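Here is a short briefing to read with the structure open beside you. Take the topics in any order you like.

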Amino acid sequence: MNDDALEAVGDYRYGFHDPENATIRFDKGLSEQVVRDISALKDEPQWMTDLRVKAYRHFEARAMPDWGNCNLLDSINFENITYFLRSSDKTEKDWDNVPDDIKNTFNRLGIPEAEQKWLGGVTAQYESEAVYHSIREDLEEQGVIFLDMDTGLKTHPELVKKFFGTVIPHSDNKFSALNTAVWSGGSFIYVPKNVQVEMPVQAYFRINAKNMGQFERTLIIVDEGSTLHYVEGCTAPSYSTDSLHSAVVELIAMEGAKIRYSTVQNWSSNVYNLVTKRAVAYKNATVEWVDGNIGSKLTMKYPSVLLKGEGAHAEVISVAYAGEGQHQDTGAKVHHLAPNTTSNILSKSISKKGGRSSYRGMLQVMPKATGCRSKVVCDALILDDSSRSDTYPTMEIGNATADLEHEASVSKVSSDQLFYLMSRGFSEEEAMGLIVNGFFEPFTRELPMEYAVELNKLLELEMEGSIG
Amino acid sequence: MKDEMLRVENLHVSVEGTAIIKGLDLTINRGEIHVIMGRNGAGKSTLANVVMGHPAYEITEGSIFFQGQPLEELAVFERARAGMFLSFQYPAVIPGVQVGTFLKKSVASVRDEAPKGRAFRKELTEAMSQLEMDKSFLSRYVNEGFSGGEKKRLEILQMLLLKPSLALLDETDSGLDIDALRIVSKGINQIAPQAGCLIITHYQRLLDHVKPHFVHAMIDGTIVKTGGPELALELEERGYDWLDMPA
């Protein structure tokens, strides 16, 4: 590792790690037996075991995706990854009962404090499984189900069976097959009809062990006329060897429902973050993906919405920050399948110190989908000459009544802006931090306040030592 | 005793190899208002920018001192923190950064401590009402979509909050209507007694509101004549051609 890379690692404030005190740890590598062992260990119903095995076989046979940064994908060594690691024997409802080292981690990340202040529920996943879980009583009384996915499968098998894999089948792509084969943890949420969940619920994902693979599986169903805001955060220690995070997230917004799913992933720069996220929106439903990608080595993530019902609306607001050695290959996919559906995509990216950010988007309007509207805006800010930004928009428009707008811009920080800010007492780093925060502002203002403040601090830290 | 804020000695400045300022001397003491007038391209804005430390300008000869200290080693932000202020002719737009946040952070940097919440709000409200600025300014993005007059008011608002010892005002009066000119002048007059002021302008009309102690005529990178307020009137009436004649 060269000095600069070390410096980048030093910048990452969540790079600390705890001793690994696993109660169960599988050997590295993947086989059908590993898949069966995970299922057996979790005492799953037969249909899930069968699905896992089918998915595993598909994963083995399936080629790497050809959408994204495919060269980097080939450098993943699937045999050098631990596919299951249990660090606590049960999921606690009280932080006090969580093992000390794990609890300390989440304390350092500020999770218990956030829960007290502004959350409707929390699940904290450490390695493969949730170690802490709670939901506010009033939400539980209204019939809201918020569980980690493993518990969800145990306690609501019929509901899980009905929806699991319906939005993202295991055969969707190589990584959704992998996730379906070895999934563990994640969130399971069901909001019954006409329930407005006012406070966001949050999941926090932490990888601690080396060469760990985290494969959480999230399924959220919001029934007719209900609303939910789900927030997730992710961090990991900085190791010189790679880890893999490959989640699958399925959202179902029934008629008139509204789901907002906010993510700020800040994985350390040794994590491959390959996530499939897709939502179905029925009549007059709204799905909003608010997606922040700050960390990781390579992120490939294109939150998608299938606008299946008339009048449904999709909103995808994403930011990507690519620093040294990072490639953020992110974007959005929206499929207008029904008439009078609308979508807005706003993508903002920053590249610095040789980092690369790409917007990869798909906008599809089906022949029968009349009267659709869509607006796509991509803004890139490049902080130095060694960094890179690309835009790959794809449009498949099958209906001439569609009203589409696409805007793209690439800009650099101007010396006039820097001189102006420095003449107001800001150092060059502070000035950069301010400009970067301002550039991301359309994204940050959509986040809960606490997240926004944290994100701004994070970006300011990223700007330290970025000059010269 | 005179309290020296700025001293410029035999200053020569070039931009990309072209000489702009060619031997300029100027001393400004606390409480003094100096006005520099001159044609476009005479080097007036260059002077303001080079004093503030703009990296595009190269000092090829001579020195600049702020409160007796040579400036060459000080970065732009250090000059600001030491008490220097430049009101820009064309202030930069900073998208996504709210004026309120920007002002608070700027004041914190320059004063070297975070301003106290309530006290700062009071100070801010007073300064804004003095400049007849609406509170809604605070939630707008810095200079984005601002009219010329709004930009200049924001510059003066910053000056009132940062309370500089040396204020450089680069064509702050350009593009202002009579009311805005009066308001901006009020801000300058409030700062002037405690600071050294250098006002760069094309027009005499600002001087109906702000009384300078010295007026300098600048031609081709040097000060060719210095006088009192009457010189400003004369320059506006007669232009600069009569000064082009060799003495």
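**A buried serine to start with**

Ser296(A) counts as buried, because 28 C-beta neighbours lie inside 10 Å and the cut-off for buried is 20 or more. This is a predicted model, and the predictor gives the complex an ipTM of 0.96 and a pTM of 0.85.

- Ser296(A) sits in the loop between S15 and strand S16 (298-301) of chain A.
- The phi angle of Ser296(A) is near 85 degrees, which is a positive value in a residue other than glycine.
- Asn194(A) also has a positive phi, near 55 degrees, and is likewise a residue other than glycine.
- You will find Asn194(A) in the loop between strand S6 (187-191) and strand S7 (201-206) of chain A.
- Is Asn194(A) exposed, partly exposed or buried? Asn194(A) counts as partly exposed, because it has 13 C-beta neighbours inside 10 Å.
- Thr401(A) belongs to the loop between strand S23 (388-397) and strand S24 (403-412) of chain A.
- Thr401(A) has 13 C-beta neighbours inside 10 Å, so it counts as partly exposed.
- Setting aside neighbours within four places in sequence, Thr401(A) is in contact with Thr370(A) and Gly371(A).
- Between the C-alpha atoms of Thr401(A) and Pro367(A) there are 9.6 Å, and these two residues are 34 residues apart along the chain.

**Chain A as a whole**

- Chain A contains 14 helices and 24 strands.
- Its C-alpha atoms fill a box of roughly 65 × 55 × 45 Å along the principal axes.
- Of the 468 residues of chain A, 54% count as buried.
- Among contacts in chain A with a separation of 6 or more, 83% come from residues 24 or more positions apart.

**The two domains of chain A**

- The domain assignment divides out domain 1 (3-301) and domain 2 (413-468) in chain A.
- Taken over C-alpha atoms, the centres of domain 1 and domain 2 of chain A are separated by 30 Å.
- Where they meet, 13 residues of domain 1 of chain A are in contact with 11 residues of domain 2 of chain A.
- On the domain 1 side of that contact, helix H1 (3-11), helix H6 (111-118), strand S13 (258-265) and strand S15 (286-293) of chain A each supply at least two residues.
- The residues on this side of domain 1 of chain A are seven nonpolar, three polar and three charged.

**Where chain A meets chain B**

- In this pairing, 17 residues of chain A are in contact with 18 residues of chain B.
- On the chain A side, the elements that give two or more residues are helix H11 (415-422), helix H12 (428-439) and helix H13 (441-444) of chain A.
- By class, the chain A side holds eight nonpolar, six polar and three charged residues.

**Chain B**

- Eight helices and 12 strands make up the secondary structure of chain B.
- Chain B is as compact as a globular protein of its length, because its radius of gyration of 18 Å is close to the 18 Å that the globule rule gives for 247 residues.
- The C-alpha trace of chain B spans about 60 × 40 × 40 Å along its principal axes.
- Of the 247 residues of chain B, 44% count as buried.
- Residues 24 or more positions apart make up 73% of the contacts in chain B with a separation of 6 or more.
- Chain B has a mean pLDDT of 93, with 98% of its residues at 70 or more.
- Within chain B, confidence is lowest in helix H8 (residues 241-244), at a mean of 83, and highest in strand S6 (residues 84-87), at 98.

**The largest nonpolar core**

- In soluble globular proteins, nonpolar side chains tend to be buried together.
- The largest nonpolar core here has 209 residues, and those that touch the most other members are Ile220(A), Ala253(A), Ile259(A), Ala281(A), Val287(A) and Leu168(B).
- Domain 1 (3-301) and domain 2 (413-468) of chain A both give residues to this core, so the core lies between them.
- Not counting residues up to four places away in sequence, Ile220(A) touches Ile189(A), Leu228(A), Tyr230(A), Leu251(A), Ile252(A) and Ile259(A).

Key:
Residues are numbered from 1 along each chain as its sequence is written. Chains are lettered from A and ligands numbered from 1 in the order in which they are written. This is a predicted model: local features need pLDDT of at least 70, side-chain atom pairs count only at pLDDT 80 or more; totals for chains, interfaces and linings use all residues. Domain bounds come from an automatic or database domain assignment. Two residues are in contact if their C-beta atoms, placed from the backbone, lie within 7 Å. Helices (H or I, at least four residues) and strands (E, at least two) are DSSP runs, numbered from the N terminus. Ala, Val, Leu, Ile, Met, Phe, Trp, Tyr, Cys and Pro count as nonpolar, Asp, Glu, Lys and Arg as charged, and the others, Gly among them, as polar. The radius of gyration is taken over C-alpha atoms; the globule rule is 2.2 Å times the number of residues to the power 0.38. A residue is buried if 20 or more other C-beta atoms lie within 10 Å of its own, exposed if 12 or fewer, and partly exposed in between; C-beta atoms are placed from the backbone. pLDDT is the predictor's confidence in each residue, from 0 to 100. A nonpolar core is a set of buried Ala, Val, Leu, Ile, Met, Phe, Trp, Tyr and Cys residues joined through C-beta atoms within 7 Å.
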